[in-house]
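Work through the exercises below with the sequence and the 3D structure at hand. Each task is followed by a solution in steps.

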Amino acid sequence: MAAWDLSVTVEDLGPDAPPVTISVASDLHVGGVIVKLVEKTQIKRDWSDHALWWDQKKMWLLRTAWTLEKYGIHADARLIFMPQHRPLKLDLPNGKTVRLRACFSDPVFQTVMGICRQLNIRHPEELSLLRPVEEKKKKKDKDLTEEIYDLTEVPLSSVSRPCLYNGMPAHFAESEKMEAVYKMLSITQTPPAPEVITKQYRPASVVDKAHINGRWLDSSRCLMQQNIQENDRLWLRFKYYTFYELDPKYDVVRLTQLYEQARWAILLEDIDCTEEEMMLFGALQYHISKVSQSEPQALSTNTAMDDLESALLSLEVKMEGESSSATDVLIKRSCVNVRFRPKRLTLKGYKQYWFKFQDTSIAYFKSKEESIGEPIQQINLKGCEVAPDVNVAAQKFLIRLLIPAPEGMNEVFLRCENERQYAQWMAGCRLASKGKSLADSSFQSEIQSIRSFLAMQRNNSGSSSNAASSDESINTHSLVSPRYHKKYKTKQLTPRILDAYQNVAQLSLSDALMRFLQIWQALPDFGLSYVVVRFKGSRKDEVLGIAPNRLIRIDLGVGDVVKTWRYNNMKQWNVNWDIRQVAIEFEGNVNIAFSCVTADCRIVHEFIGGYIFMSTRSREKSDVLNQELFHKLTGGHEAL
């Protein structure tokens, strides 16, 4: 074949250096081009991380065995020879910034895996990168220099195969500076000053919450293809709210960063909670801050002992399950009030029925006397959603059930008479939703867990005065969202938070973090990512809430849930990339289609596919991620 000249910009020669021209033929493979470039530059260095970027086509030439002809490269191609790993600034969930080398040539999904290996975060599939919210810079802020934790010196070899030293990657043990980075990652931050909270951007409506979801990067494309440049700033956040096997022993950094993301979601009112819950969140933050200063998170020192301990524990659980009684337990004489499909935030229209719980179903009758006959209705709870709606002070004990139905979900509220009855029924409903009967060995421990959670919300007026006198340095406005700054003065909030603190003061640091996350996960709006959409045939915009196991249609004007569809009733979903429309087919001939207003339809497609991918994870496969399956479920034709 005839030889022709190919000009390539070599980044290492500097920005002003002219392109390097080499003589090539169309049948020369990309690897041969790289060899010729290296020889012509005469620079002796490690070139193993370098690759060719084709600027016009926005693609990396990573298949080094492919010829120039196969790629379609001609003399007019603008090629750049540069490193694949480049510095990137990352804002972490705890508000701190790290600068590290990330892979600009891999799909973002794999890039995040590499980042998480550097930071020692397990299960990187739960996180992703998004573009930051633009902030208007004030003149005063010009003088403020931001502290950036630098990880760019970490060798790439240690990242691909991290070696653990005292429970943390060995690269964090190399110097005091690196140890300081690990301390920042693994120890919770002190509560922010009230003025810092009020300065932060807070979403005022569901539409504001929806706009943030338009910023997620495409997991199937690389950073360069999405116009991310060296030293750009991105946010690293937990994107999928299904946290697999959270273990305080192995997940020090993951647990801390997840707590920080949850804490800021509550402080910035990104998720709604009751006043009582806010006081409990405040008490837990105060306790966590207090304990983390005096009890730094212990690093596991003996991995072999940890593995043995884990094996013994799973054996103990297995034996306990085998020895449990096979007879079914009936919750005796439980009578609760029930109402179907209630309007949100109303408590009218409750009717009292006699309820019977058996296996994974509940049946209700007009009265106890009629309970020997046919029930008015029997509801199978397997696969249903169970959420608490509780106010201990007001003696309100509601259980919210979302029951799968062909046209969506039916909403049922059970109102219990007292705390004891609520704990039993809540435990029963939770087990039934997982397909377990009341004979399951975990029934009693579930009741105990619910009762201890309720105890945290109970007032301890007698002991709060002693606590207040022992610690007057508490700044309660740092522990609650800004709406409570306006509603209460510090001296009014202090006794209430200290009151709740009495119920959590005995918890260890890891238990307190886990309890904070459990209460956050129990909030009604937990795990919802919002997108403004226009349903086919509708003339108005509505909100689509994407949850770990269902889609929710929300009326934008009223804020009511109009319809709910579960993923396990989904037959298929498609994206028409030409008209940017998502179409979903559910069982029972239910079809929906919508176009997205505040985000690209790719983001909704990726959320749905991502959550379905998360549900395929199992203990046997937990160490190996099926990346091919993830890209099949989340990528579109644009990504291929």
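**Exercise 1.** Determine whether tryptophan 425 is buried or exposed, and find its ring partner.

Solution. Tryptophan 425 has a relative accessible area of 0% and is buried (buried: under 20% relative accessible area, with a 1.4 Å probe and protein chains only). Next, its ring forms an aromatic pair with phenylalanine 357, at 5.3 Å centre to centre and 55 degrees between the planes, which is tilted. Rings of Phe, Tyr and Trp (its six-membered ring) pair if their centres lie within 6.5 Å; planes under 30 degrees apart are stacked, over 60 edge-to-face, the rest tilted. Phenylalanine 357, at 0% relative accessibility, also counts as buried. Finally, phenylalanine 357 belongs to strand S14 (residues 351-358) and tryptophan 425 to helix H11 (residues 419-433), so the pair ties together parts 68 residues apart in sequence. Helices (H or I, at least four residues) and strands (E, at least two) are DSSP runs, numbered from the N terminus.

The model is predicted: local features need pLDDT of at least 70, side-chain atom pairs 80 or more, while totals for chains, interfaces and linings use all residues. Residues are numbered from 1 along each chain as its sequence is written, and side-chain values use heavy atoms, without hydrogens and water.

**Exercise 2.** Find the strands that pair with S7.

Solution. Strand S6 (residues 85-91) pairs with S7 in the antiparallel sense over seven bridges (pairing needs at least two DSSP bridges). Within this pairing, histidine 85 has cysteine 103 as its bridge partner. On S9 (residues 148-150), the pairing with S7 is parallel, over three bridges; there valine 98 is partnered by tyrosine 149.

Notes. Buried means under 20% relative accessible area, exposed over 50%, partly exposed in between (1.4 Å probe, protein chains only).
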